[in-house]
Structures are given as C-alpha cells and as structure tokens.
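Hi,

Here's the structure I promised to pass on. Have a look at it first, and then read my notes on the disulfides below.

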Amino acid sequence: MQFDDNARLDTSEVQDVRGSRIPGGGATIGGGIVGLVVLVVGLVLGIGPDQLGLSSGGDQSAPASSSLARVEQACRTGQDANTKDDCRIVAVVNSVQDYWTQESARGQVAYTKASTVLFSRQVNTACGNATSEVGPFYCPGDQTVYLDLGFFDELRTKFGATGGPFAQAYVVAHEYGHHVQDLQGTLGRSQNGLTGADSASVKTELQADCYAGVWAHHATTVKDESTGRPLITSLTDADVKDGLDAAAAVGDDRIQEEFQGRVTPDTWTHGSSEQRQQWFGVGYRTGDMARCDTFR
Ligand SMILES: [Zn+2]
C-alpha cells in the first residue's frame, strides 16, 4: 500500500491522546458492569471488546492538549503516511471517510464523518472507560473509533497474523464499517446479547468486514479531497493478502482454538476465520455495499 507522497493529510479526523492521563478510576470495558448496558463493537473478542455491559456515561474528558497531539505535528503528507505507523492510520482514516462520503453522495448511505482517537493503555469514552485489552473498537455513544497502536503488535505476536500496513488498514476500515452500520440504524441488531455462528452479532461483524472490503475495492480510485487524485496510489495482491490474513487471525474459531483450546461455535460473536475472509472478499471483489447483506 503506497500513498501519494504529495497528498496533504487531514489530521482533524484523528485525535491523538496518547500519553494523556485518565482522571479517576471507574468501571472499564471488560471490567465491572455498572448501570446502563451500552454497546461497543470491535474487531476481536477474547473475553470481549464487543458486547459487554459498560458503565454508562463515563465522564468524557476533553481530548488531550495540543502539545500531546503528535499526529498533528508529524503527519502532514502522504510521504509521512508511507514512513510512519501513526501517520498511516491518519491516511487510511482519510481514505475510508472520503470513500463513504462519496458513497453518501450517490445516496447509498447518509455518511457523516467520525473521529478516530489514538490512545495508549486506557481511554475515556461515552461507552465508559476502556483499556487497550479490548482491542480496537467503535463506540456508538460518541460515534468514535478507538485504537491503541500497540494492538498491531499483538496482531502479529498474540494473534499470529503476518501484519503489514494493509492489515492495519483492514482493522481501521472494519471499525468504520460499524460507524456506517450505526448511521444505517442496523448496529443495534447485534445488541441482543445472543451469540453463535448464526447470531445477529456475528452477522453484524461480518458485514463490517464486508464494508472494509468494499472500501478496499475503491481504495486506489477514491479521490483525495486535497489533491483530487487518489490518496492511495497502489494496493498489491500481497497487501490484500495481509488484510485477509488479519481477518482470519481474528476469527472466533482461531481465537478459541488458541486461547481456550477448543472451538465452541455457540459462543461466537464475530464469525469464523473462513467467514471473515469470505465476507471481506465479497466486499473487495464487488465493491458494492448492497452485496454485504449478511442478514439475508
Ligand atoms: Zn467489529
């Protein structure tokens, strides 16, 4: 995956709160379950980023002061995205959102932009306080994607993925898929707490994988707002393979085999490795979100 060296990155779409201190304690996602049950959806589920009860409200601290916002300083051009991990995330967020904005103009979905927050260790969200352990996730309460870049190391070391820049792009695009679902009003379908290979939760996750594939299909043709040219200038078969490999690495069966030693499909929340690759592939081959009806 290569970015146009001369493109200007829009860092306003990414808030960098890495290194900021979180005031207070409070319940965390994956920790105590207090008050209202609020849905968050993520990429993986060990014990679970996704459908956990969360403390409601969670005092929403303001984003970190600008002195902490590294991406704003460091990520100016496509060249920065070609050389720095955090800047690459900015570029992918820009590309994904440019795509959905253009899709919106075609009447497929009424897209409004959503921020990504880069955090380290823990973060305050409208869905409660979360730690990095939950993996990347989307909080519908504040329509924001939350990401600790350390997850991408885990993707290789803990989940056994090959990694690579496009594996990261897949993760970001998956979370934005949840934002699209939120805007479509379908995200709540997964909120019934049921699990299993045919559950609404799995179908919701597979649709987010499919939406990630739809973006990937258009990634090298979607026009960048700053230049009018594509921000992503090349996406190779090897890149797509990294994306598919990441999708497989976070399949429920693979994770269960690895971490609990046996596969129990009735507790699946995200779908098997095969299903996740399959639906990413449907989106990637067709480039058509209408083909992502995993609920049918
Ligand atoms: Zn997800």
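Let's start with Cys 210 and Cys 292: the torsion about their S-S bond is about -75°, so this disulfide is left-handed. The bond links distant parts of the chain, with Cys 210 in helix α6 (residues 200-218) and Cys 292 in the segment after α9 (273-286), 82 residues apart. (Helices, H or I, of at least four residues and strands, E, of at least two are DSSP runs, numbered from the N terminus.) Cys 210 and Cys 292 are both buried, meaning under 20% relative accessible area, with a 1.4 Å probe and protein chains only.

Before going on, keep in mind that this is a predicted model: local features need pLDDT of at least 70, side-chain atom pairs count only at pLDDT 80 or more, and totals for chains, interfaces and linings use all residues. Residues are numbered from 1 along each chain as its sequence is written, and side-chain values use heavy atoms, leaving out hydrogens and water.

How many disulfides does a search of the whole structure find? Three, counting a pair of cysteine sulfur atoms within 2.5 Å as a disulfide.

Another one joins Cys 75 to Cys 87, with an S to S distance of 2.1 Å. Its torsion is about -75°, so it's left-handed. Cys 75 sits in the loop between α1 (70-74) and α2 (78-83), and Cys 87 in helix α3 (residues 85-105).

Then there's Cys 127 with Cys 139, sulfur atoms 2.1 Å apart. Here the torsion is about 90°, so the disulfide is right-handed. Both cysteines, Cys 127 and Cys 139, are buried.

Cheers

Note on methods. Buried means under 20% relative accessible area, exposed over 50%, partly exposed in between (1.4 Å probe, protein chains only).
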